Amino acid sequence: MTTVAAPLPASAGRSRHLAGTGALLRLALRRDRVLIPAWVLTLGPAVAAMGSSFEAVYDTAAQRAALAASMNGNGSMRALYGPVFGDSVGGLVAWRMAGLGAVLAAVMSLLIVVRHTREEEETGRQELLSAAMVGRRAPLTAALLTALAANTALALMIAGGLAASGQPAAGSLALGLAIGCTGLLFAGLAAVAAQLTESARLAKGLTGAVLGLAFALRAAGDAAGPSAASPLTWVSPIGWAQNVRPYAGERWWIVPLFLAATALAVFASYALTARRDLGMSFLPARPGPAVAPRSLSGPFGLAWRLQRTTLLGWTLGFLCAGGVFGGIAEGASDLVGGNRQTREIVERMGGQQGLTDAFLATMTGMLGMVAALYAAGAVLRLRGEETGERAEPVLAGAVGRLRWAASHLVLAYAGTAVILASGGLGLGLAYGLSADDLGGKLGPVLAAALSQVPAVWTLTGLAVLVLGLLPKATGAVWALVGGCLAIGWIGPSLKFPRWAMNLSPYGHLPKLPGTDATAAPFVWLLALSALLALVGLAGLRRRDIG
C-alpha cells in the first residue's frame, strides 16, 4: 500500500524559511557591539547638544526669528540645510539636524544590512552557516532586525535627549522618528541592493548612490522655495524627514508613509532572495577581458583598480560641495547679519581675519574633516582584503607585506590631497566668480584647502597604527575620526576649552585663508603622521595576516 505524505501547513513552511533567525540576530548584535553604540552614542547626543548651543547663541525670540527669516530667504542655505519651519529652539535644532541626521542614519543602516547579507555571502561565511539549520530568509531577517534595533535606539536617544534638555516632548519624538524612520527605509533599500549586486562594495555603492540622489533632489526642491512643497522634495526620503516638521505643527501622517515605503522595500528584498541562489545576484558583473592589462601585473595596479571608483566619487563630491560653499561665501555677512554670537562662532571656527575669510576657513576646515573619512576607508581596505582572504593569494607571490600595504596607502595619502584639491578648486572658483576676482581668490582658497592635508594624514597614520598593532580593533578608527569631527563641528559653538580642541589635529592648523602661517605646525603634524605609519607598518610586518 502506497502512503502519501501530508503537505506541510503554510505556517510550517514560513517558519522553516526563518529557522535560525534568533541565533543569527544574536551573532549580528555581538559583531556590531562596537559599531552600533558608536553611531548611536555619537549622533544621538550631538543632536541633543545642538539645543543648548542654539539657546546660548540665539537667546531671544527676535534673534531666532531673524535667523529663520535669513535662512529661508537664501536659496543656497535652503539647499544645504532645508527651510526653517519654526523659530523656536527646537525648530532650529530640527532645521539643522533633520536632514543631516537622516543622512547619517541611512549610512549606518546600509552598512549594517550589507555587512550581514552580501558581505557574508561574498566571504563564504554564509555558505557555512547555511549548512546548518538556517532558513533561506533568516540572514536577511536578522540583518533587518539588527538595523531596526539600531535605528530604534537612535530615535529613542534623540527624543529622550531633547526632551531631557527641556524641549517639547512631541517635537522631540517627531524628530527622533523622522531620523530613525529614514534609517529604516534605507535599511530596506540596502537589502534590495544586496540581492541585486554580487559584491558588498557594489551594494554599498548602489545604496549610497540612491542616498546621494535623494539628497540632491531634496536640495533642488528646497532651493526652489521655503515651503518644502516642491515635487522634488517629496520624491526624496530626506525631504520626508524634514517635512515631519518637528516643533512646528508635527505631521505625524508622514511616519506611516515611511513605514509603508520600508515595508515595500523589505517585501521586494524577500521576493528577490527567494529567487536566487546563495552567492548569486540579479546584476552579474560584466565579463572582463580575456587577458589582464599590464597595470594589473603588480599590487599598485590592483589597488588602483579596487579603489579608483571610490576616489572618483569623493573627488566629484568635493568639487560640487566646494562649489556650493563658494557660492554663498560672498554673502557670509548677510547670513550672519548683526548677531554677535553667530559672528563669534564663525570666528572661533575660522579665525579673526574678517568674516568672509573666516567663513572660507570654516568651509575648508569642514572639507578637511570630512576627507578623513575617505582616508580611513582607504586604509581599512587593507583589513577588508585580509578578512576576505584576498590578501593571501597576493602575498603568496613575489609581493612583500610592505609593498602590498604601500599600494593601498599611496592611494590613501595621495587621494586625500586630490579630493581636498578638488574641494578647494570648487570653493575658489565659485567664490572668485561671485566676487568678480577669480585670479585673486582662487589661489589662496586652494592653498587653504591643501593646508588641511597634514591633519588628515595624521589621522591616516593613526589608522595605519591601529591596523598594524590592533587589527581586531580597526572599528575604533571610525570612532577616532568621528570624535575629531565632533570636536570640530560642535566644539566652537559649545565653547570647548583650548586643550579639548587641541585633541584633534585640526586644532593645531592655522585658520587659512587670511592669517599668517608658519611651517612649524605642518612639519610637526607630518612628522607625527610618518611616525605613526612607520610603527603601524612595523607591526603589520610582524603579525599574522588574516
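**Basis of the description**

The model is predicted, and local features need pLDDT of at least 70, side-chain atom pairs count only at pLDDT 80 or more, and totals for chains, interfaces and linings use all residues. Residues are numbered from 1 along each chain as its sequence is written, and side-chain values use heavy atoms, with hydrogens and water left out.

**Overall make-up**

The protein has 25 helices and zero strands. Both kinds of element are DSSP runs numbered from the N terminus: helices are H or I with at least four residues, and strands are E with at least two. Of the 546 residues in the protein, 49% are buried. Buried means under 20% relative accessible area, exposed means over 50%, and partly exposed lies in between (1.4 Å probe, protein chains only). A contact means heavy atoms within 4.5 Å. Among contacts between residues at least 6 apart in sequence, 76% join residues at least 24 apart.

The table lists the axis values. Axes are lines fitted to C-alpha atoms, for helices over the stretch in contact, and angles run from 0 to 180 degrees between N-to-C directions.

| Helix pair | Axis separation | Angle |
|---|---|---|
| Helix 3 and helix 9 | within 8 Å | roughly 25 degrees |
| Helix 6 and helix 9 | 9 Å | about 155 degrees |
| Helix 6 and helix 11 | within 10 Å | roughly 160 degrees |

Angles under 35 degrees count as roughly parallel, over 145 as roughly antiparallel, 65 to 115 as roughly perpendicular and the rest as oblique. Helix 3 and helix 9 are therefore roughly parallel to each other. Their crossing is right-handed; a crossing is right-handed if the near helix is turned clockwise from the far one by less than a right angle, and left-handed if anticlockwise. Residues of helix 3 in this contact include I36, V40 and A48, and those of helix 9 include T146, M157 and L162. By class, the contact of helix 3 with helix 9 has 13 nonpolar, three polar and no charged residues. Here Ala, Val, Leu, Ile, Met, Phe, Trp, Tyr, Cys and Pro count as nonpolar, Asp, Glu, Lys and Arg as charged, and the others, Gly among them, as polar.

The angle between helix 6 and helix 9 makes this pair roughly antiparallel. The crossing of helix 6 and helix 9 is right-handed. Helix 6 contributes V93, M108 and H116, among others, while T146, N151 and L162 are among the residues from helix 9. This contact of helix 6 with helix 9 divides into twelve nonpolar, four polar and no charged residues.

Helix 6 and helix 11 are likewise roughly antiparallel to each other, and their crossing is right-handed. Among the residues that meet are V103 and L110 in helix 6, and K204 and F215 in helix 11. The contact of helix 6 with helix 11 has ten nonpolar, two polar and one charged residues.

**Two single residues**

T21 is located in helix 2, which spans residues 21-31. This residue counts as buried because its relative accessibility is 12%. Leaving aside residues up to four places away in sequence, T21 touches A138, T141, A142 and L145.

S165 lies in the loop between helix 9 (138-164) and helix 10 (169-196). With 35% relative accessibility, S165 counts as partly exposed. The side chain of S165 reaches the backbone oxygen of L162 at 2.7 Å. S165 and A48 are 117 residues apart in sequence, yet 7.3 Å apart in space, C-alpha to C-alpha.

Technical notes. Polar contact = N/O pair within 3.5 Å; in protein donor to acceptor, adjacent residues only side chain to side chain.
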